[in-house]
Amino acid sequence: MEIAVDDLPVGYLMNWGGRLLRRLADRHLKPLGLSSAHLPVINALSADDALAQKALARIAAIEQPTMAAMLVRMERDGVIVRRPDPNDGRSALFSLSAATRRKVPAIRRAIEQVNQDALSGLPANERRRFRRQLNAIVEDIEEQLRGDADDGA
């Protein structure tokens with residue numbers, strides 16, 4: 001028995017699509033020595049000189065322990081550098097390594113290619129509409145989750 005796509009839950013389709021996009025991104029980023037898991041940190045740090053782990057975890061929307069483990073791996077691999085926070089002796093600031101900063105234009109080109117590849121099945125005039133709809137879904141879910149947090153849930 002085959003299940004029609006219209007019968008699949010939206011969450012399942014979004015998760016499945018997300019996994020496929022990560023695999024496609026990994027294919028494009030591997031020659032740069034990177035993976036899609038690095039992107040939230042790289043994006044945040046390419047916009048800011050240095051950020052603390054707590055800020056990076058918030059931006060990436062992942063738990064602190066997961067972010068801590070990722071930062072350890074990224075530092076080990078030379079993707080980022082850690083330095084003491086001059087304003088808080090208990091905290092560290094993270095920034096992109098010089099080598100990673102030089103790769104940022106290539107990273108952006110790779111991700112633009114992933115976006116083009118992912119949307120290639122849609123007519124050109126539908127791509128912008130799809131992105132707006134997807135953004136509306138994400139914003140709505142975030143708003144609902146913020147409401148839950150405000151209620152103490």
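**Entry 1: proline 65**

I looked up proline 65 and found it exposed, at a relative accessible area of 61%; exposed means over 50%, with a 1.4 Å probe and protein chains only. The model is predicted, with local features requiring pLDDT of at least 70, side-chain atom pairs counting only at pLDDT 80 or more, and totals for chains, interfaces and linings using all residues. I note that residues are numbered from 1 along each chain as its sequence is written, and that side-chain values use heavy atoms, leaving out hydrogens and water.

Proline 65 belongs to helix α4 (residues 64–76). Helices (H or I, at least four residues) and strands (E, at least two) are DSSP runs, numbered from the N terminus. I also checked proline 65 against glutamine 133: their C-alpha atoms are separated by 32 Å, at 68 residues apart along the chain.

**Entry 2: the sheet**

I traced an open sheet of three strands, antiparallel in pairing, in the order β1-β3-β2. Strands count as paired if DSSP finds at least two bridges between them. β1 (51–52) and β2 (80–85) are the edge strands with a single partner each, so one side of each has no neighbour in the sheet. Between β2 and β3 (residues 88–96), which run antiparallel, I recorded six bridges. Proline 84 has alanine 92 in β3 as its bridge partner.

α4 packs on this sheet and touches β2 and β3, its direction making about 115° with that of β2. Contact means heavy atoms within 4.5 Å. Axes are lines fitted to C-alpha atoms, for helices over the stretch in contact, with angles from 0 to 180 degrees between N-to-C directions. α2 lies across β1, β2 and β3, at about 95° to β3.

**Entry 3: the pockets**

I took the largest pocket next; about 1300 Å³ of space lies in it. A pocket is an open set of points on a 1 Å grid over the protein atoms alone, with a 1.4 Å probe and protein on both sides within 12 Å along at least five of seven lines; lining residues have an atom within 4 Å of a point. Points are joined across faces, edges and corners, and a volume is the space filled by probe spheres set on them.

Of its 31 lining residues, Met14, Gly17, Gly18, Leu21 and Leu134 are the closest to the centre of the largest pocket. α1 gives the largest share of this lining, 12 residues.

The second largest pocket holds about 590 Å³ of space. Its lining includes Met14, Pro40 and Arg146, and α6 supplies the largest share, five residues.

Terms used
Buried < 20%, exposed > 50% of the residue type's maximum accessible area, 1.4 Å probe, protein only.
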